[in-house]
Amino acid sequence: MIDVSLEQICSAVGGELIEAGKSNHSVINAVSTDTRTVEEGALFVAIVGERFDAHDFCHQAVEANASALLVERKLDLNITQIVVEDTKLALGQLSAWIHEQCNVPTMAITGSCGKTTVKEMVASILQQRGKVLFTAGNFNNDIGVPLTLLRSEPSDNYTVIELGANHIGEIAYTTQLVKPQVALVNNVAAAHLEGFGSIDGVKQAKGEIFQGLATGDTAIVNLESNGGDFWCEVLADKTVLTFSENDNTADYFAKNLRINELGEACFDMQTPQGAMPVELGIIGQHNVANALAATALSIQFGATLDEVKNGLANLISVKGRVEVQQLSQNIKLIDDSYNASVPAMKAAAKLLSSFKGQRWLILGNMAELGDESLALHRQVGEYAAPFAFEHVLTYGNDTKVISEICHGTHFDTHQAMIAHIEQHLCLPENASHTLLVKGANSAGMSKIAAALQENFS
């Protein structure tokens with residue numbers, strides 16, 4: 001983060017500066033919304049949420065030697081305070097102002113699934129060219145995006161920001177902060193339906209990212225999964241580039257796709273700059289489309305085909321996202337426990353089908369699907385059934401239908417599921433086992449992956 005004065009912060013957020021005896025630093029170079037991570041001299045922002053009010057913990061920020069507080073009401077604490085109407089909005093205003101001062105080429109990425117993988121791919125490619133500020137972990141909401149932008153520095157060569165959402169209007173807000181020159185919607189699928197209401201709501205919400213582009217800026221669209229007529233108006237004055245795994249009318253598409261014995265995709269990538277062979281460093285055919293999207297984004301910021309090829313080949317897996325671990329000579333774990341959506345579940349099943357031996361499809365429920373939840377879980381079961389996996393295990397209310405369709409076993413507790421897996425894996429046999437674990441964060445399937453790692457590594 002760049003150095004900023006309290007006066008500059010006050011101006012950026014339209015607040016009232018109330019100075020006090022405890023103001024050890026006139027310059028701020030760190031901002032925190034968590035009293036556990038407050039650094040000496042930092043600005044602590046007291047966010048008010050549905051279930052908490054950080055104003056109740058501001059005394060801890062004072063004890064940690066914060067320099068000032070950003071609050072919605074003056075507190076009886078001996079520390080300089082900047083008072084605003086809404087601290088969450090002020091955090092966004094400050095982050096946008098700081099990012100704007102750094103004047104760095106910026107892209108924004110959203111989509112129902114795969115957006116984190118695309119972000120990591122782009123970062124891997126562009127890091128060959130310079131310094132890249134990119135979203136850490138899942139800091140992609142209305143708090144995480146500002147915290148990422150606050151890390152901006154003039155020495156950055158590129159900024160790559162991931163935008164997530166669970167309700168209409170959230171991406172419109174965060175895009176306004178990011179102000180990208182290039183934007184991508186990786187795909188549109190049934191996810192977070194409780195907040196979006198329907199698949200049409202998803203299309204509307206994801207398309208909000210293009211509202212933040214200026215006339216002539218570049219929008220990148222998936223020919224096989226997009227907003228259709230919902231986006232016509234907003235894309236009318238943009239430069240539109242397309243990608244597709246299968247449609248050769250797209251600007252970026254794949255030919256001669258092969259999946260090797262490790263589950264990694266090899267293909268010939270076709271681009272406006274020419275063709276090249278690509279070998280992905282992560283497994284899963286679904287990552288072909290992600291690689292095409294990442295390539296389209298990176299080339300807009302000057303990446304060469306050689307840099308694209310090297311960046312994709314040397315990509316490091318993100319923990320919990322199709323992370324392959326060889327636990328023993330005959331047991332392989334594919335940890336994809338971070339999150340889940342219908343297309344991601346189907347992609348996981350297709351990936352597992354490419355392995356030999358005993359194949360274990362271990363699924364937790366998908367979350368935030370509203371009234372469509374049971375039907376969408378059934379859709380996953382009907383997709384997975386023809387693969388005839390040797391083991392299908394499920395946990396969570398609506399996943400039971402998947403076990404029923406696939407002749408699998410449903411569990412009410414993680415402990416029972418773990419015990420079942422351990423019992424079978426400990427049997428004396430020479431068969432190889434590939435276990436794929438996936439589910440929504442709320443399903444806690446990372447506990448299954450962690451138990452397997454602990455007991456069989």
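Below are a few worked exercises on the predicted model shown above.

Some ground rules before starting: residues are numbered from 1 along each chain as its sequence is written. Since the model is predicted, local features need pLDDT of at least 70 and side-chain atom pairs count only at pLDDT 80 or more, while totals for chains, interfaces and linings use all residues; side-chain values use heavy atoms, with hydrogens and water left out.

**Exercise 1. Find the domains of the protein chain and say how far apart the centres of domain 1 and domain 2 are.**

Step 1: Get the bounds. Domain 1 covers 4-87, domain 2 covers 103-314 and domain 3 covers 323-456. These bounds come from an automatic or database domain assignment.

Step 2: Take the centres over C-alpha atoms. Those of domain 1 and domain 2 are 35 Å apart.

**Exercise 2. Work out how helix α3 packs on helix α6.**

Step 1: Look at the geometry. Helix α3 (residues 87-102) and helix α6 (residues 170-178) pack at about 35 degrees, and their axes are 8 Å apart. Axes are lines fitted to C-alpha atoms, for helices over the stretch in contact, and angles run from 0 to 180 degrees between N-to-C directions.

Step 2: Name the residues. From α3 come K88, L89, G92, Q93, S95, A96 and H99, and they meet Y173, L177 and V178 of α6.

Step 3: Sort them. The contact of α3 with α6 has five nonpolar, four polar and one charged residue. Here Ala, Val, Leu, Ile, Met, Phe, Trp, Tyr, Cys and Pro count as nonpolar, Asp, Glu, Lys and Arg as charged, and the others, Gly among them, as polar.

**Exercise 3. Look up the "binding site" feature in UniProt and inspect S112 and T117.**

Step 1: Read the record. An unreviewed UniProt entry puts the feature "binding site" at G111, S112, C113, G114, K115, T116 and T117. Such annotations may be inferred rather than shown by experiment.

Step 2: Take S112. S112 is in the loop between β8 (106-110) and α4 (115-126), and its relative accessible area of 12% makes it buried.

Step 3: Take T117. T117 belongs to helix α4 and is buried too, at 17% relative accessibility. Apart from neighbours within four places in sequence, T117 contacts I282, N287 and N290.

**Exercise 4. Trace the sheet of nine strands and zoom in on β15.**

Step 1: Write the order. This open sheet runs β9-β10-β8-β11-β12-β13-β14-β15-β16, with mixed pairing. Two strands pair if DSSP finds at least two bridges between them.

Step 2: Find the edges. β9 (132-134) and β16 each have a single partner strand, so one side of each has no neighbour in the sheet.

Step 3: Follow β15 (residues 264-271). Strand β14 (residues 252-259) pairs with β15 in the antiparallel sense over five bridges, and F253 has Q270 as its bridge partner in β15. β14 and β15 make a hairpin with four residues between them, and G263 in the turn has a positive phi of about 85 degrees.

Step 4: Go to the other neighbour. β15 and β16 (residues 274-283) pair antiparallel over seven bridges, with D268 opposite P277 in β16. Two residues link β15 to β16 in a hairpin.

Step 5: Check burial. Seven of the eight residues of β15 are buried, so the strand is largely enclosed by the rest of the structure.

**Exercise 5. Give the strand order of the sheet of six strands and find a helix across it.**

Step 1: The open sheet has the order β17-β18-β22-β19-β20-β21, with mixed pairing.

Step 2: Strands β19 (residues 358-364) and β20 (residues 391-395) pair parallel over five bridges, and W360 stands opposite H391 in β20.

Step 3: Helix α15 (residues 414-425) lies across β18, β19, β20, β21 and β22, at about 165 degrees to β20.

How values were computed: Contact means heavy atoms within 4.5 Å. Buried means under 20% relative accessible area, exposed over 50%, partly exposed in between (1.4 Å probe, protein chains only).
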